[in-house]
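Trainee: Could you walk me through one part of this protein slowly? I would like to look closely at a single sheet and what surrounds it.

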Amino acid sequence: MPDDKTYLEIDKLILGDAYTSNEPGDNLLVLCDEIGPRLAGTHGERDAARFVADRLKSYGLDNVADEAFDYAGWHRGEPARLNLLQPAEREFPCISLPYCPPTGPDGVAAEIINLGDGAPEAFKRLGGDIRGKIVYVSSRMPPQVHRWVHRGEKYGRAVRAGAVGFIFVNHYDGLLPATGALRFGKAAEIPGIGIARETGEELLRRSKGCKPVVRIITSDTNEPKASCNVVGELTGTQKPEEIIVVGGHYDSHDLCTSANDNAAGLTVVLETARLLAAHRQHLARTVRFIAFGCEEIGLIGSHEYVAAHRDEMPNIRVMFNSDCLTNARPKGLVFHAWPQAEGYVEALAEQLKTPIPFGDIVFAYSDHFPFLLHGVPTANVGNLSNPFAGRGWGHTAADTPDKVSLVDQRESAALLARMILRVANDDEWPLQQRSREEVEALLEAEELIEILDIEDARSLDDE
Ligand SMILES: [Zn+2]
C-alpha cells in the first residue's frame, strides 16, 4: 500500500475526533436504556432500525435506506414452566428459547438424559437411549472437540436422536439462564428451554440416585414477520462500483439489553461511518455500512442481504463484521481462512504504528457467514486470544451497558476507519474471492457441511 503522507494527516484528524467524542457511548445508551431489548419482531427491533437510519443520515451518508424482508418469526408466549415430577415435585425457573414450539397445556413429560457438555461423541455413545427422553446439556464447549460446538448443533443432534425436549444449562455462575435460538429462521421441532447453572445443579441434586422425570410447558408461537436491514454508504470517488462492507447486527434477544452483543458492536459500525464521512473525498472506493436485522435468530438479515445483492458480491473487496465488542485488547482482525491476509495486516500495523493482532479461524455464527458462502473475504473485528470474551454475560440478563468500555468502542472504530482509508484506496489488494468449489472445499474441511445439516441451517446449496 502506498505510504502516503496524506494518510498520516487524516489519521491525526480521525484519532483526534475518535478520542474527543462521546458519540459511541451516547449511542450505546440510546440502544440499551431508551430502546431496550431488540428481539426480532418486536417494537424494540423496529425502533433500533429507525435509530440507525437516523444516525447514518445525520452523519451525511448516501443512499440511506431500509431493505425490508419477510421471514418465519417467533413470538414469546407465557413464561415457560419446568416441573420436576419424580422423584420429588418441584418447580424450577426457566425460559423458552427462540423458535420453541408450543407444547399445549399438558406440556411434555419425560425422563431426563444428561449429555454433559453435548460432545458429538456423547450423542453417538448414548444413541438409542435418547429416544423419547428430554436431553439435558450444558452450554460448555467440549474440551476434546477443537471447534465451537454451538447450541444449535446440540439441539439438532437431540432432535435427530428422537428426544422429545431439550434443556440448555448455562455453564457460567450467576443464576442466569442463557437464551439463543434452537433453529435458525424456522420453527423448532421439540420444546427447548434454558436454565441457570445453579438451577440445573439443584435439579440433579434433588434427583440423586433416581432418574428425574420433568415436565416442560411452553406456549410460544411461530408466525410470519417482517424486518429490515439498514444500509448507508460513502460513495467512492473513483471506483464506486468496488465496495468495502462494514456490518453488524442491530437486533438482540429479549431477556436483556444486549449491550455487548451487539449494541456495542453496532456503535462501532456507526462510529466508523461518522469518522470516515468527514474524509469521504479521500475514499476512492465505496464504503457500505449495513446494520443487519434478525441475526440472533439465524443470520436472517445477512442471508437476505446477500440474496438481494447477489450481483454485487464479486465487487466486495472485504466484509468487516462487528459482532460482540468484548474487552479483549488490542483490537485486531480475525479473518476466516484467509492466511494470505496476514502480510497485508502486518504492513497496515507498520504504517498505522499500532499493533493489529491477526487471527484466522472459520466460524459460522455471525453475519460474515453468508458473505463467506459467496466467496467474499471476511474478517471480524476482535482479538483471537480471547474471541469469546464477554460470552459469560452474553445472551443473559447481565449483558448490560455498564460492562462496555468507551475505550474499546473508540479503539475499534478508529482502527477500522484508518484501515479502511488504506483498503479503499489501495490498487493492490491481496485477497482474491473464493470460487464456489473453493468455498465448498473449505466447508468440507471444516466439517461444516455436516454440522450445518445437523443444525438444519442455510448452507452453500441454499445460496
Ligand atoms: Zn451477536
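Which residue stands opposite D62 in strand 10?

Mentor: Happy to! D62 stands opposite E233 in strand 10. Before we go on, please keep in mind that this is a predicted model, where local features need pLDDT of at least 70 and side-chain atom pairs count only at pLDDT 80 or more, while totals for chains, interfaces and linings use all residues. Residues are numbered from 1 along each chain as its sequence is written.

Let us start with the words. Helices (H or I, at least four residues) and strands (E, at least two) are DSSP runs, numbered from the N terminus. Two strands pair if DSSP finds at least two bridges between them. In general, strands of a sheet pair through backbone hydrogen bonds, either parallel or antiparallel.

Eight strands form an open sheet with mixed pairing, in the order 1-10-12-11-13-16-14-15. Strand 1 (62-75) and strand 15 (358-360) are at the edges with a single partner strand each, so one side of each has no neighbour in the sheet. From one strand to the next, the twist averages 25°; here axes are lines fitted to C-alpha atoms, for helices over the stretch in contact, and angles run from 0 to 180 degrees between N-to-C directions.

Follow the order from strand 1. Strands 1 and 10 run antiparallel and are joined by twelve bridges. Strand 10 is also antiparallel to strand 12, with five bridges between them, and V230 stands opposite A291 in strand 12. Further along, strand 11 (residues 239-249) pairs with strand 13 (residues 316-321) in the parallel sense, over five bridges. There, G247 has N321 of strand 13 as its bridge partner.

A helix joins the picture too. Helix 3 (residues 43-58) packs on the sheet and touches strand 1, strand 10 (221-234) and strand 12 (285-292). Its direction makes about 5° with that of strand 10. Touching rests on contacts, where the C-beta atoms of two residues, placed from the backbone, lie within 7 Å.

The chain is divided into domain 1 (5-74 + 224-462) and domain 2 (77-219), with bounds from an automatic or database domain assignment. Between them, 22 residues of domain 1 are in contact with 22 residues of domain 2. On the side of domain 1 that touches domain 2, strand 1 and helix 13 (448-454) are the elements that give two or more residues. Strand 1 gives the largest share, three residues.
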